[in-house]
Structures are given as C-alpha cells and as structure tokens.
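Welcome, and thanks for taking a look at this chain with us.

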Amino acid sequence: MITTEIVSGIKNPLDVAISATVQYTLPLLFSALAMNRPNSTITLSATAIAELIPGQIGKYCVLALDPGSATGASTAGIQFSNGSSVDLSQCGIEVNATGTDALYLTGGASLLATSVSVGGGYVVTQGASMTVSGTTTTNATTPGANPYATVVPPTPDTSNCVSGSPFITGQHIPAGTYCGDLTISYGTVTMGPGTIIINNGNFNPGGGSTINATAAGGTTIVMTSSGGGTVGSMNIGNGITLNITAPTTGPLAGIALFDPAGTATSNIAGGASMNVNGAMVFPTSIVDYSNGSNNSGAACTQLIAYQVVFTGGATFANNCAGTGTQGIGANTTTTLVQ
C-alpha cells in the first residue's frame with residue numbers, strides 16, 4: 001500500500017513537500033515455524049519526502065505585480081523617466097500589467113537588461129532607450145509570482161516598544177518593535193541584527209545619515225500596523241546611505257526591506273546610496289526611485305512592488321547563491337530530503 005500527503009518542507013517550512021509511505025505485509029516463514037505460529041506476518045514501511053525547492057537565482061531582479069490595464073505612463077507597471085539609468089545587465093524585469101503601456105520609458109531614460117517580460121506592451125519614447133541582451137516577451141500569458149507571497153510578517157510587540165528615536169551618530173538600533181516613526185537625525189548608526197518592526201509609523205532616516213545593518217545573522221526592516229493604525233512608508237533620501245544584509249535563514253530569509261500590506265508610496269531619493277543585499281518586498285505599494293539614487297554596491301538585490309517608478313539611477317546584481325533569497329522567475333527543483 002502506498003499513501004501520499006502534502007507536508008511542510010524540511011529545508012524550509014515555507015516550501016511544499018510530498019511525503020510518500022510504502023507499507024507491505026509479509027508472512028513469516030522459518031521464524032513462524034520455529035515459534036509454531038504458522039500465520040504470523042510482519043509489516044514493513046518506509047517513508048520518503050521530496051521537497052519542491054525554488055531556485056535562489058531567477059531570471060528577474062525587478063517585478064511589478066499590478067495586473068491592471070495600463071493606458072499611460074502614470075498607470076504603467078514600471079515607468080522610467082527623467083533621464084533615469086537602470087542597469088540590470090545581470091538580470092531582467094517582469095511586469096504583470098496589461099495594456100499597451102504596461103512598461104513605459106520616456107524622457108531620456110535608459111534600461112539595460114538581460115530579459116524583459118510584459119503582460120501587455122511597452123513604449124519607448126522621447127529619447128529613451130531599452131537594450132535587452134536576451135528575450136523580450138510582450139503579452140505574456142503567465143503573470144510573475146511573488147516568491148515571498150507565503151511569508152508571514154512578524155507580529156509587533158506593542159507592549160514592549162523600543163525607545164530611543166530619533167537616533168543620532170554612534171547609536172545602535174536593536175531588534176524589536178518601534179511604535180510610531182523610527183527617525184534617524186544624523187551621523188552613522190548601526191542596526192540589528194534581527195527584525196526591526198516599525199508599527200503604525202514611518203521609517204525616516206535623514207540628515208545625510210549612514211545606516212549599517214550588516215551584522216552576522218542579517219537584518220530585516222518590517223512595516224506593520226495594529227490597533228486600527230496605518231502602515232507607514234519608507235522614506236530614504238537626502239544623501240542617505242543604507243547598507244543592509246538580509247538574513248540567510250529563518251522565516252524572513254532573503255528579505256531586507258518588507259512592507260507586506262502597506263499602500264503608502266515608499267521613496268528612495270535624493271542621491272541615496274542603497275547597498276541592499278536581499279529583497280525589497282512591497283507587494284501592495286508603489287516604490288519610487290528618484291533623483292539619482294543607486295544600488296551599486298550589493299551582490300544580490302531584488303525589488304518586488306505593486307508598481308515601480310524610476311526617475312534616478314539604479315544597479316541590481318543577481319549573485320544570489322547562499323543569500324536566502326527566492327529567485328524571481330526561478331525554476332523549482334524537486335529534491336529528496338528524507
């Protein structure tokens with residue numbers, strides 16, 4: 001007899017696994033005679049578990065999830081404008097929007113990518129350019145999937161809010177729940193390791209500050225709300241430098257910045273230097289890269305948002321092996337784990 005069931009993964013509890021058990025009953029021969037039990041039997045069983053493991057390296061670094069029909073730049077899933085220069089020479093972009101203007105490049109913007117997949121069409125106008133070394137797919141029939149869709153955000157501990165905001169140079173921002181805005185006034189601060197939960201507030205680094213969140217174990221900044229409050233936004237601008245490395249294991253593996261349910265636009269602007277090793281996950285909100293922001297110092301960076309607007313420079317690398325990330329558009333492998 002063979003029985004199968006769907007179980008949680010062993011390597012990663014978020015993965016889907018299939019457990020198969022083989023059970024077989026055999027008669028006892030010589031031992032049955034010796035025991036004078038001619039009808040004795042023995043039941044043998046063995047179980048194997050195969051886990052469906054998503055690849056860490058996918059075709060795409062940027063994914064826009066909005067499925068709507070785009071009829072202009074303002075409704076595009078991803079928009080490039082105002083001379084923005086985006087280097088995705090190690091990966092590509094995936095746009096779920098349909099309509100003729102799902103991907104929109106204008107105003108001297110440039111995109112360099114290995115592949116482009118669009119649910120609708122694309123527009124390149126007013127001196128913009130799009131250079132794709134591999135395949136460009138329009139009217140794609142299968143929308144891109146958020147590989148972090150099943151990640152459960154942590155629950156804020158509102159009874160034990162961490163104090164200290166605004167933080168200034170030399171201070172350390174420990175893991176914990178921050179109720180209301182988390183503000184950094186100026187200078188260089190360290191953050192984590194662990195999970196930084198900003199509950200009912202905004203993330204507001206300012207004054208040209210530098211944030212180093214690269215300690216062993218990794219750091220995730222999470223936006224949440226409770227008690228009828230509102231999920232805030234991340235506002236990274238005015239010459240801010242953010243160096244952050246996501247955890248490689250655990251429930252938030254691969255995620256550096258996480259806003260799972262917010263609707264406020266998050267802004268990365270003002271010449272911000274973003275060295276994000278991991279994923280920036282904003283599935284229900286818009287992310288605006290503007291005014292010369294960049295991400296040129298990280299080995300593995302992903303951006304998943306409802307919509308993305310690029311009006312500044314950005315570089316995304318795809319050297320993601322061992323980072324804990326889940327590949328966007330990656331193949332899933334079946335591995336025998338037990």
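Among the contacts in the chain with a separation of 6 or more, 52% are between residues 24 or more positions apart. Please keep in mind that this is a predicted model. The chain contains one helix and 29 strands, and 47% of its 338 residues count as buried.

- The chain exposes about 14,400 Å².

**Disulfides: the overall picture**

- How many disulfides does a search of the whole structure find? The search finds three.
- If you number the bonded cysteines of the chain in sequence order, the pairing reads 1-2, 3-4, 5-6.

**Cysteine 61 and cysteine 91**

- Cysteine 61 is joined to cysteine 91 by a disulfide, with an S to S distance of 2.0 Å.
- The link of cysteine 61 and cysteine 91 is left-handed, with -115° about the S-S bond.
- Cysteine 61 sits in strand S4 (residues 60-64), while cysteine 91 sits in the loop between strand S6 (85-88) and strand S7 (92-95), so the pair ties together parts that are 30 residues apart in sequence.
- Is cysteine 61 buried or exposed? Cysteine 61 is buried, because its relative accessible area is 0% and the cut-off for buried is under 20%.
- Cysteine 91 is buried too, with a relative accessible area of 0%.

**Cysteine 161 and cysteine 179**

- A disulfide also joins cysteine 161 to cysteine 179, with S to S at 1.8 Å.
- The torsion about the S-S bond of cysteine 161 and cysteine 179 is about -50°, so this disulfide is left-handed.
- This pair links distant parts of the chain, 18 residues apart: cysteine 161 is in the loop between strand S13 (136-137) and strand S14 (172-173), and cysteine 179 is in strand S15 (residues 176-179).
- Cysteine 161 is partly exposed, at a relative accessible area of 33%, and cysteine 179 is partly exposed, at 38%.

**Cysteine 300 and cysteine 320**

- Cysteine 300 is joined to cysteine 320 by a disulfide, with an S to S distance of 2.1 Å.
- With 95° about the S-S bond, the link of cysteine 300 and cysteine 320 is right-handed.
- Cysteine 300 is found in the loop between strand S26 (273-290) and strand S27 (301-311), and cysteine 320 in the loop between strand S28 (314-315) and strand S29 (332-336), so the pair ties together parts that are 20 residues apart in sequence.
- Cysteine 300 counts as buried at 0% relative accessibility, and cysteine 320 counts as buried at 0% relative accessibility.

**Aromatic rings**

- The count comes to four aromatic pairs.
- One of them is formed by tyrosine 289 and phenylalanine 310; this pair is tilted, at 5.4 Å centre to centre and with 40° between the planes.
- Tyrosine 289 in strand S26 and phenylalanine 310 in strand S27 are 21 residues apart, and their pair links distant parts of the chain.
- Tyrosine 289 is buried, with a relative accessible area of 0%, and phenylalanine 310 counts as buried at 1% relative accessibility.
- The ring centres of tyrosine 289 and phenylalanine 316 are 6.1 Å apart and the planes are at 55°, so this pair is tilted.
- Tyrosine 289 lies in strand S26 and phenylalanine 316 in the loop between S28 and S29, so their pair ties together parts that are 27 residues apart in sequence.
- Phenylalanine 316 counts as buried at 2% relative accessibility.
- Which residues form one aromatic cluster? Phe80, Tyr289, Phe310 and Phe316 do.

**Asparagine 212 and asparagine 243**

- Asparagine 212 lies in strand S20 (residues 210-213), and asparagine 243 lies in strand S23 (residues 241-245).
- Asparagine 212 counts as partly exposed at 26% relative accessibility, whereas asparagine 243 counts as buried at 16%.
- Leaving aside neighbours within four places in sequence, asparagine 212 is in contact with Thr188, Val189, Thr190, Met191 and Asn243.
- Not counting residues up to four places away in sequence, asparagine 243 touches Thr210, Ile211, Asn212, Ala213, Thr214 and Asn275.
- Asparagine 212 and threonine 241 are 29 residues apart in sequence, and their C-alpha atoms are 8.3 Å apart in space.

Notes. Residues are numbered from 1 along each chain as its sequence is written. This is a predicted model: local features need pLDDT of at least 70, side-chain atom pairs count only at pLDDT 80 or more; totals for chains, interfaces and linings use all residues. Side-chain values use heavy atoms; hydrogens and water are left out. Helices (H or I, at least four residues) and strands (E, at least two) are DSSP runs, numbered from the N terminus. Buried means under 20% relative accessible area, exposed over 50%, partly exposed in between (1.4 Å probe, protein chains only). Contact means heavy atoms within 4.5 Å. A disulfide is a pair of cysteine sulfur atoms within 2.5 Å. Accessible areas come from the Shrake-Rupley method with a 1.4 Å probe; for residues, only the protein chains shown count as cover. Rings of Phe, Tyr and Trp (its six-membered ring) pair if their centres lie within 6.5 Å; planes under 30 degrees apart count as stacked, over 60 as edge-to-face and the rest as tilted.
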